[in-house]
Amino acid sequence: MPFSHRAARTAPRGPVPAILLSNTFDSFGLAEPILRAVTELGYREPTPIQAQAIPVVLQGRDVMGAAQTGTGKTAGFALPILQRLMPHANTSASPARHPVRALILAPTRELADQIHENVRQYARYTGLRSAVVFGGVDIKPQIAALRQGCEVLIATPGRLLDHMGQKTVSLAQADMLVLDEADRMLDMGFLPDIQRILHALPEQRQNLMFSATFSSDIRRLASSFLNDPQVIEVARRNAAAENVEQRIYRVADLESKRAAVAQLVRERELAQVIVFTNTKIGAGRLARQLERDGLNAAAIHGDKSQQERLATLDSFKKGEIVVLVATDVAARGLDIAELPAVINYDLPYNAEDYVHRIGRTGRAGASGLALSLMTGEDERHHADIEKLLGRKLDVERLEVAGSARGRERERDRDRRESGTERRARPARSGAHSRAREAAHPAPAGYSNDPFFFEPYVPAASPGEVETPVLEAERASARRPRRPVAALLGGGKKR
Ligand code: AMP
């Protein structure tokens with residue numbers, strides 16, 4: 001099954017319109033030797049991260065990518081790096097003609113090896129050389145390989161430092177840097193090593209950082225060495241976390257959906273939950289309804305001011321708000337580790353959004369709960385989600401308490417409350433909504449909007465969230481962890 005373009009999404013900073021995303025490798029302008037290798041590998045079309053990252057890397061821009069292994073991210077950075085190195089390709093036997101120009105750092109030997117294998121294949125017709133160095137094996141063959149010269153070096157930090165110490169490698173011309181699986185590198189205590197390596201690189205360089213998660217430490221690391229990065233986020237195909245319990249409930253109609261949310265929060269005793277809706281107006285209405293039902297609820301969506309959104313998020317963090325109703329765009333970028341549950345009030349239009357939504361819970365080994373509501377109208381989206389996940393998601397019936405008469409009263413109240421909004425836009429045509437979008441463009445300056453970069457911190461334990469997985473990894477960390485800012489020459493105090 002080919003990778004789906006709908007999985008691609010760019011964070012609010014300078015989004016790449018989907019229509020402009022390339023669905024052929026030819027259109028990137030890659031050199032023939034690179035294209036030949038890609039074709040031979042059987043890659044027919046770029047994966048979502050490749051479609052987004054390749055043009056950006058080719059432009060020489062820094063990238064902060066939220067992508068896991070399995071998304072095709074290696075080619076996403078390796079192909080444009082090779083393309084940028086093409087002018088340096090030469091057949092000279094002299095090592096001096098093959099200095100390290102691109103350095104790719106990876107946390108583990110397995111990943112480094114895997115990246116090298118890919119780079120070797122992509123570069124096979126280019127004349128560009130690659131090498132890999134990692135610990136736990138004899139250093140001598142690596143020294144011999146480095147002596148031959150290589151334009152692309154893949155390394156784990158510790159072993160690279162050994163080589164630097166022995167002066168068996170020079171990074172003086174390495175003006176492209178990739179930090180892969182940066183979150184794992186920090187968890188494994190590699191930060192001091194990374195800092196030392198950064199110092200050995202030319203100051204003027206292109207930096208690409210990839211990470212599956214974006215903790216505050218990762219953001220701090222990113223802001224310390226990335227220069228105005230393009231943020232790219234993609235869902236891994238079929239990435240629905242196994243530790244998330246998924247339940248899909250069919251309810252009779254829209255009104256039942258609203259009552260169902262309150263019912264599920266109470267029956268399941270959900271301490272806190274994010275409820276996703278497909279529309280801004282739906283988010284606002286649902287939050288009002290839940291308030292009336294006695295739950296502390298609030299909505300965040302693009303029509304709210306930054307101040308309102310910050311205040312809402314703050315209340316949610318403090319535990320004052322139990323139900324945060326959010327649209328996909330408003331929730332994007334929120335690091336919400338340890339959230340116990342999410343509810344899909346509607347099934348999302350794009351199946352990949354389902355994966356993103358349910359990925360908000362059950363992070364890093366914690367168990368999570370994803371409850372989805374559907375009516376007949378959601379039927380098609382349900383089928384799309386099943387197709388994407390490659391598995392069936394059984395639909396259960398949910399009996400929703402509350403009389404039809406009561407719901408009619410709620411409907412009347414809703415009409416009164418949103419009366420002005422309705423009068424302002426009686427038509428529902430596509431042209432009308434486009435005009436409305438134009439009148440209310442997405443807030444500018446998302447990149448400086450702390451709302452989109454504030455991590456979620458459970459009310460019970462302010463400060464950093466420790467998951468069982470991270471704790472276990474840290475227990476085996478090679479070096480003690482120290483604050484990122486301190487290690488990177490001061491920066492903001494934690
Ligand atoms: P990665 O996430 O980079 O580890 O890649 C995951 C797998 O997808 C690897 O086996 C790649 O060879 C493969 N792959 C990468 N890009 C493509 C593509 N455009 N089409 C098909 N397979 C790909």
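These legends walk through a few close-up views of a predicted model.

Local features are described here where pLDDT is at least 70 and side-chain atom pairs only at pLDDT 80 or more, while totals for chains, interfaces and linings use all residues. Residues are numbered from 1 along each chain as its sequence is written, and side-chain values use heavy atoms, with hydrogens and water left out.

View 1. Helices (H or I, at least four residues) and strands (E, at least two) are DSSP runs, numbered from the N terminus. Of the 494 residues in the protein chain, 53% count as buried. Here, buried means under 20% relative accessible area, exposed means over 50%, and partly exposed is in between (1.4 Å probe, protein chains only). Take the contacts (heavy atoms within 4.5 Å) between residues at least 6 apart in sequence: 79% of them join residues at least 24 apart.

**View 2. Helix 6 (residues 157-165) is largely enclosed by the rest of the structure, because seven of its nine residues are buried.** The buried ones are Pro-157, Gly-158, Arg-159, Leu-160, Leu-161, His-163 and Met-164. What do they pack against? Their partners are strand 3 (102-105), strand 4 (130-133), helix 5 (140-148), strand 5 (152-155), helix 7 (182-187) and helix 8 (191-200). After helix 6 comes Lys-167, with a positive phi near 55°.

**View 3. Here helix 6 meets helix 8, with axes that come within 9 Å and cross at roughly 45°.** That makes helix 6 oblique to helix 8. Axes are lines fitted to C-alpha atoms, for helices over the stretch in contact, and angles run from 0 to 180 degrees between N-to-C directions. Angles under 35 degrees count as roughly parallel, over 145 as roughly antiparallel, 65 to 115 as roughly perpendicular, and the rest as oblique. The crossing of helix 6 and helix 8 is left-handed. (A crossing is left-handed if the near helix is turned anticlockwise from the far one by less than a right angle, and right-handed if clockwise.) Pro-157, Gly-158, Leu-160, Leu-161 and Met-164 of helix 6 touch Asp-193, Arg-196, Ile-197 and Ala-200 of helix 8.

**View 4. Helix 10 (residues 254-267) packs on helix 11 (residues 280-292) at an angle of about 55°, their axes 10 Å apart.** Helix 10 and helix 11 are therefore oblique to each other. Is their crossing left-handed or right-handed? The crossing of helix 10 and helix 11 is right-handed. Helix 10 brings Arg-258, Val-261 and Ala-262 to the contact, and helix 11 brings Arg-285, Leu-286, Gln-289 and Leu-290.

**View 5. Gln-83 sits in helix 3 (residues 73-85).** Gln-83 is buried, with a relative accessible area of 18%. Skip its neighbours within four places in sequence, and Gln-83 is in contact with Gly-29, Leu-30, Ala-31, Ile-34 and Leu-58. Gln-83 and Val-57 are 26 residues apart in sequence and 9.7 Å apart in space, C-alpha to C-alpha.

**View 6. Glu-181 and Asp-228 are two loop residues.** Most residues other than glycine have a negative phi. Glu-181, though, has a positive phi near 50°, and that of Asp-228 is positive too, near 45°. Glu-181 lies between strand 6 (176-179) and helix 7, whereas Asp-228 lies between helix 9 (216-225) and strand 8 (230-234).
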